[in-house]
Amino acid sequence: NKCTERKTRRNKNHKKMLEIFFMRNVWFNMGKADILGASLSEQEKLPPKWKSSEKSCARVHVLPKSLARGRNGKQEVLTPVVQARRKAGLLYGTLLPPSRSQSQLLNSLTKKQKKHLRDFGEEHPFYDRVSRKEAKPQTCQLSESLDTSSSESEAESEPEQVSGYNRLLATLKDVSKEDEEEEEEEDSVIDETEMNLEDGDSDISVEEETAVESTDMQKNPFAQHVNKELKEKEIQAVATNPKTTHQLKWPILGQLVFSSRFQQLETFKPPKDIDLKSLHLQKPLESTWIKTNSQFLSGPPKSSSPFTPLQKELFLIMNSYRDLFYPERTALKNGEEIRHVYCLHVINHILKANAQVLANNSRCRSQKRGVGDDDDFRDQGLTRPKVLIVVPFREAALRVVQLFISLLEGDSKKKIIVSNKKRFNGEYGSDPEERPPNLKRPEDYEAVFVGNIDDHFRTGVAILQRSIRLYAPFYSSDILIASPLGLRTIIGGEGEKKRDFDFLSSIELLIIDQADIYLMQNWEHVLHLMNHMNLLPLDSHGVDFSRVRMWSLNNWSKYYRQTLLFGALQDAQINSVFNKYCVNVQGQVAVRNVPMTGSISHVLVQLPHVFQRMEAENLASILPQYRDAVMSHTLIYVPSYFDFVRLRNYFKKEELNFTHICEYTQKSGVSRARHFFLQGEKQFLLLTERFHFYKRYTIKGIRNLIFYELPTYPHFYSDVCNMLQATTRGEEAAWTCTVLYSKYDAQRLAAVVGVERAAHMLQSKKNVHLFITGER
């Protein structure tokens with residue numbers, strides 16, 4: 001029995017060894033062809049456990065340890081094919097212990113190459129290292145049973161020979177890391193969209209969808225705007241052509257001024273009813289918008305419109321890709337309502353642009369090389385960022401991102417992936433316990449300064465089909481959200497070494513929200529930003545120039561950029577930005593409603609208001625009458641910080657008894673100045689508008705009030721005038737108020753006294769006009 005057992009063991013071991021050597025023979029003679037890629041006739045000749053199947057893949061690719069090295073631990077003599085594979089660090093699908101050269105070779109591979117190496121057991125043919133010396137052919141003596149298999153393997157290996165085109169491609173080296181990252185992100189976007197197409201209810205293929213989309217492109221406002229072609233003659237004539245204007249009155253927005261520097265000027269009126277399908281919203285916005293905007297809608301959901309009356313008219317202008325200036329955006333009344341509308345427009349624009357890129361990617365794959373026109377696939381800019389949203393505080397950026405998530409998420413069943421969400425909420429959110437509990441401020445102050453009011457930030461957002469990536473690098477982002485200060489620090493100035501503004505080169509949609517607050521921060525940052533918009537980049541940033549639109553290559557991007565400007569007031573500086581930097585080919589629309597009643601009607605105290613028109617810019621004619629000791633407790637309200645510095649230096653030079661409070665004054669200095677002014681130890685108090693905007697302190701002890709210039713915000717006039725009643729000591733009869741203005745302050749004057757009175761005051765020959773408020 002023992003002898004028979006030994007014989008059977010020997011026979012089994014002998015069969016195993018024969019099978020292993022048989023496998024090695026097949027492997028060596030097949031060359032690059034894997035056993036998994038062998039023909040059926042070859043696989044039939046293999047033992048059952050070595051045949052190719054999903055379950056036996058691991059078994060087929062296992063190399064026994066006894067064959068890895070020869071006897072006495074010496075390295076076995078291998079064929080050139082196995083030696084090449086051992087250099088790559090892979091044999092039969094398993095990584096051998098890599099040497100130093102092998103580890104260096106693995107480190108030099110990109111993520112895509114390593115993935116292809118794991119999946120298919122060899123490098124992609126694109127990255128084959130073609131040697132200039134031709135390898136000598138090696139002859140092997142094979143058994144008769146393997147003649148057919150070797151002939152078939154040779155027949156299969158013939159088409160895999162490297163062609164001249166592949167040799168040229170193989171000479172390309174050192175692909176930049178940025179290109180690889182962008183390619184990987186595009187592939188992830190493609191994979192997600194393909195998954196969404198498979199998970200959908202409809203069985204429409206990608207080609208059929210692109211065909212349906214191409215038929216709808218003619219009516220799509222996005223396609224009409226992007227595919228509109230300009231000629232050089234039209235671009236050259238923009239600088240000389242006068243701006244053509246046309247006025248219309250809409251039910252909610254009021255008086256609109258349509259203007260354009262191009263020859264064609266088209267106007268339209270809003271329809272009574274709006275259907276979401278007619279707006280060409282990208283999926284899934286048709287379903288998610290109604291749920292997101294439900295807090296502003298009233299009435300039953302079936303009968304009510306998906307938009308409020310204000311949102312409907314605003315979105316019609318946005319969807320036509322015209323520039324828009326709306327100066328009646330307030331944080332108390334319609335701030336969130338407007339934010340919802342432009343977030344819908346932003347997501348709709350991004351989804352359409354990404355869908356166009358994905359459709360062209362699939363067409364490029366299916367289409368043969370060299371067939372068709374390359375201009376058909378031009379769907380990108382010189383850089384990836386398409387939308388720039390400028391907001392003043394981190395709280396506004398947080399709300400914008402939350403709206404993006406709700407618009408893309410829709411139903412609670414389909415949750416989207418938001419990367420870095422916890423970090424974003426921590427950095428952009430706020431702790432309610434940090435706010436002092438007994439702080440009493442006006443309602444407009446509470447609405448503006450809510451949450452995190454840090455004004456130095458910038459972040460990138462990448463929008464994918466089922467995910468949002470926060471804190472994405474700028475050149476991998478679709479949307480940029482930043483403050484003017486955050487952009488100013490990265491754009492830099494002339495002469496600075498570290499500066500970058502290439503990410504602004506292909507901005508197609510610029511949104512400046514709460515523009516009036518930037519007047520209180522630093523308006524120079526906004527002007528600096530506008531001067532660097534849509535310039536040609538200094539670096540290529542890995543762009544595929546065959547996919548870049550022609551108008552972007554021609555440096556005509558500013559003529560295709562849509563600018564949406566929202567603010568709370570009509571101001572000359574904001575108007576100049578809109579008139580100078582907005583040259584959209586579709587035209588501009590500005591809301592120009594005139595205030596009939598000014599903020600002077602909100603003054604509660606009985607007070608004479610003397611409006612004195614100044615032809616020269618000096619205070620010499622006004623100040624002497626206030627130098628008398630009787631005219632003590634005089635507050636001088638100065639809107640501009642530069643004027644404040646000039647006045648402070650003048651008061652020091654004249655050695656006047658004064659104190660001052662500005663936005664840079666410390667708390668101890670503020671309390672000391674308020675105390676001296678209340679007690680009468682200081683005759684004059686200089687107060688800046690920015691301090692009043694950020695602090696809203698009530699200054700007590702005012703008897704005489706001088707407005708060095710009309711305030712930027714109209715309601716600041718009534719706020720400061722009503723401070724006189726903070727201390728009532730029977731001195732109401734001696735109160736005075738003097739306002740200085742010039743012909744250049746027409747807009748601010750109309751906001752304070754009304755349009756009709758302002759027109760009469762500016763056209764009158766008299767320089768002094770008197771108003772009395774608080775009469776019983």
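Strand β6, residues 387-390, and strand β11, residues 509-512, run parallel and are joined by four bridges. Within that pair, Val 390 has Ile 512 of β11 as its bridge partner. Please keep in mind that this is a predicted model.

Now the sheet around them. Eleven strands form an open sheet with mixed pairing, and the order is β3-β4-β13-β5-β12-β11-β6-β10-β8-β9-β7. At the edges sit β3 (244-250) and β7 (417-419), each of which pairs on one side only. On average, neighbouring strands in this sheet are turned by 15 degrees against each other, direction ignored.

Next, a helix. Helix α17, residues 394-409, lies across β6, β7, β8 (458-463), β9 (467-470) and β10 (479-482). Relative to β10, α17 runs at about 150 degrees.

Which residues make the nonpolar patch of about 260 Å²? They are Phe 545, Met 550 and Leu 553. Phe 545 belongs to the loop between α22 (523-531) and α23 (550-553). Is Phe 545 buried, partly exposed or exposed? Its relative accessible area is 44%, so Phe 545 counts as partly exposed, since that class lies between the 20% and 50% limits.

Last, the whole protein. There are 30 helices and 20 strands. The protein has 776 residues, and 46% of them count as buried. The accessible surface comes to about 43300 Å², with 51% belonging to carbon and sulfur atoms. Among contacts with a separation of 6 or more, 75% are between residues 24 or more positions apart.

How values were computed: Residues are numbered from 1 along each chain as its sequence is written. This is a predicted model: local features need pLDDT of at least 70, side-chain atom pairs count only at pLDDT 80 or more; totals for chains, interfaces and linings use all residues. Side-chain values use heavy atoms; hydrogens and water are left out. Patches are made of residues with over 30% relative accessible area and no salt bridge: like charges are joined within 9 Å, nonpolar side chains (Val, Leu, Ile, Met, Phe, Trp, Tyr) within 5 Å. Accessible areas come from the Shrake-Rupley method with a 1.4 Å probe; for residues, only the protein chains shown count as cover. A salt bridge is a side-chain nitrogen of Lys or Arg within 4 Å of a carboxyl oxygen of Asp or Glu. Helices (H or I, at least four residues) and strands (E, at least two) are DSSP runs, numbered from the N terminus. Buried means under 20% relative accessible area, exposed over 50%, partly exposed in between (1.4 Å probe, protein chains only). Two strands pair if DSSP finds at least two bridges between them. Axes are lines fitted to C-alpha atoms, for helices over the stretch in contact, and angles run from 0 to 180 degrees between N-to-C directions. Contact means heavy atoms within 4.5 Å.
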